Amino acid sequence: MKKVTMLVNARDVQGHINPEIYGHFSEHLGRCIYDGIYVGENSDVPNVEGIRTDIIEAFRNIRVPVLRWPGGCFADEYHWKDGIGPKENRKSMVNTNWGGVTEDNSFGTHEFLKLCELVGCKPYINANVGSGTVQEMSEWVEYMTSDNQTPLTQLRAQNGRKEPWKVQYLGIGNENWGGGGCMRAERYVDEYRRFQTFCRNHSGNELYKIACGPNADDYQWMETLMKNLQHFMVKGIDLHYYTVYDWAKKGHATEFDEEAYYKTLVSANRLDTILTRHTEIMNRYDPDNQIGLVVGEWGCWYEVEEGTNPGFLYQQNTMRDAIVAGMELNIFNRHCKRVVMANLAQAVNVLQSVILTRDGKMIKTPTYHVFDLYKEHQDADAVYCYTQEDYSGENVPLVTSSASVKDGTMTLTLTNTSLTEEVCIESEIVGLDCSRATARILTDEVHAYNDFDSPDRVGIRDWAAQVEGRTLHLQLPPCSVVSVTLEK
Ligand code: AHR
């Protein structure tokens with residue numbers, strides 16, 4: 001057994017953990033929306049206005065704070081007017097990015113914003129720059145948020161919604177360095193400046209405008225944006241980073257060897273360096289932290305499940321994904337001074353999903369349970385948390401951790417990344433009057449996953465933790481994610 005010492009100082013606040021760091025992403029891709037979130041009003045699957053009730057409950061349980069929609073690549077070919085009004089009149093389109101299937105637009109603006117209301121989360125609308133117009137984007141904002149009497153707001157009322165919605169987060173383009181128009185950073189900056197000008201704050205709704213950020217470690221893109229955009233034009237910059245150890249051969253989601261496991265974790269841990277370097281650039285131009293870093297897409301990306309449409313990106317989710325989620329969320333907590341939001345790709349039936357569905361059945365993946373373990377970090381203050389350095393596999397931190405305090409209660413989350421070593425944690429807790437520790441754990445064999453025949457194979461259980469004076473004692477079995485609550 002390895003001993004790892006830690007020091008947590010509740011008095012040393014490092015930043016505030018915006019709940020939106022625990023956000024998700026829902027794209028018109030494969031079975032994320034249709035069959036996943038939305039089954040339509042006439043379905044036998046229990047639903048509210050076509051939205052699955054089991055999904056609503058599951059999202060509420062992990063307190064999903066924000067949902068990004070409608071894409072992704074799809075956003076840059078989405079024309080919002082095709083997705084409003086009587087469903088039988090809605091125009092179909094080909095979803096050219098994802099499987100070439102017909103999109104009937106039965107899930108549009110009203111349905112998405114209803115979903116957000118039912119879940120109790122904020123919408124993050126990603127609008128079309130790549131193939132859209134300034135007028136189209138400007139009108140979408142007016143349609144959703146204005147209280148004035150205009151043809152567009154009258155149309156909204158005619159479509160069943162008299163009151164405007166509150167829409168804070170507005171993405172202006174998606175991956176415009178790639179699928180969103182293959183633009184150079186200089187070109188995108190000019191487009192961004194023009195598009196954002198006509199996205200107005202209507203009727204007290206204040207937009208938080210988000211620019212398309214860099215692809216992973218494209219520091220040049222960040223530099224160009226920061227040099228040319230000021231905080232009154234942009235509030236957030238949306239970086240995308242996927243955990244993939246080899247883009248040419250992404251590997252299988254459930255069948256992998258030890259080498260692939262550790263390589264995946266090396267890729268996941270790279271996000272820490274990437275965030276640090278982007279933060280350094282942002283700090284130079286924006287020392288007062290007025291522009292936030294959004295990680296609008298993150299998660300593990302493997303080969304699609306055999307026998308499924310290759311354009312649907314459906315993959316299973318094992319304990320390996322849970323470890324990655326635990327590591328990345330600890331990284332976001334540690335970067336919360338600059339990172340204001342993160343959206344896991346994608347919420348249901350695509351990539352590193354928290355939920356998988358098949359007909360009327362729904363399962364929660366190991367990644368879902370990590371969001372459950374970490375949910376008390378939302379809206380808490382991140383505090384100093386040092387973990388003694390040690391490594392597993394190929395240079396992966398043996399233990400990753402983060403700590404936060406809210407209303408006098410501390411939440412400490414940890415991952416043991418090793419597949420073989422049990423870890424004994426001894427942590428000094430400074431600045432918090434605590435006598436009681438309770439813990440919960442997610443651990444299993446690394447290939448373990450939940451499936452429709454065994455939906456609860458991987459799940460959370462209670463775990464032992466003791467406080468003696470100022471020291472917390474805790475064991476971490478190999479391949480585990482643990483959350484500890486410390487209180488008076
Ligand atoms: O999440 C799948 C795709 O990955 C998104 O549509 C796109 O933005 C990214 O390349």
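1. Lysine 114 is partly exposed, at 24% relative accessibility; here buried means under 20% relative accessible area, exposed over 50%, and partly exposed in between (1.4 Å probe, protein chains only). Its partner in a salt bridge is glutamate 49, with the closest N and O atoms 3.7 Å apart. A salt bridge is a side-chain nitrogen of Lys or Arg within 4 Å of a carboxyl oxygen of Asp or Glu. Since glutamate 49 belongs to the loop between strand 3 (47–48) and strand 4 (51–52), and lysine 114 to helix 2 (residues 109–119), the pair ties together parts that are 65 residues apart in sequence. Glutamate 49 is likewise partly exposed, with a relative accessible area of 46%. Helices (H or I, at least four residues) and strands (E, at least two) are DSSP runs, numbered from the N terminus.

2. The model is predicted: local features need pLDDT of at least 70, side-chain atom pairs count only at pLDDT 80 or more, and totals for chains, interfaces and linings use all residues. Residues are numbered from 1 along each chain as its sequence is written, and side-chain values use heavy atoms, leaving out hydrogens and water.

3. The whole structure holds 26 salt bridges. One of them joins glutamate 139 and lysine 81 (2.5 Å, N to O). This pair links distant parts of the chain, 58 residues apart: glutamate 139 is in helix 3 (residues 134–145), and lysine 81 is in the loop between strand 5 (66–69) and strand 6 (93–95). Glutamate 139 is buried, at 18%, whereas lysine 81 is partly exposed, at 42%.

4. Tyrosine 22 lies in the loop between strand 1 (2–16) and strand 2 (23–25) and is buried, at 1% relative accessibility. Its side chain makes a polar contact with that of asparagine 333 at 3.0 Å; such a contact is a pair of N or O atoms within 3.5 Å, where within protein one must be able to donate a hydrogen and the other to accept it, and residues adjacent in sequence count only if both atoms are side-chain atoms.
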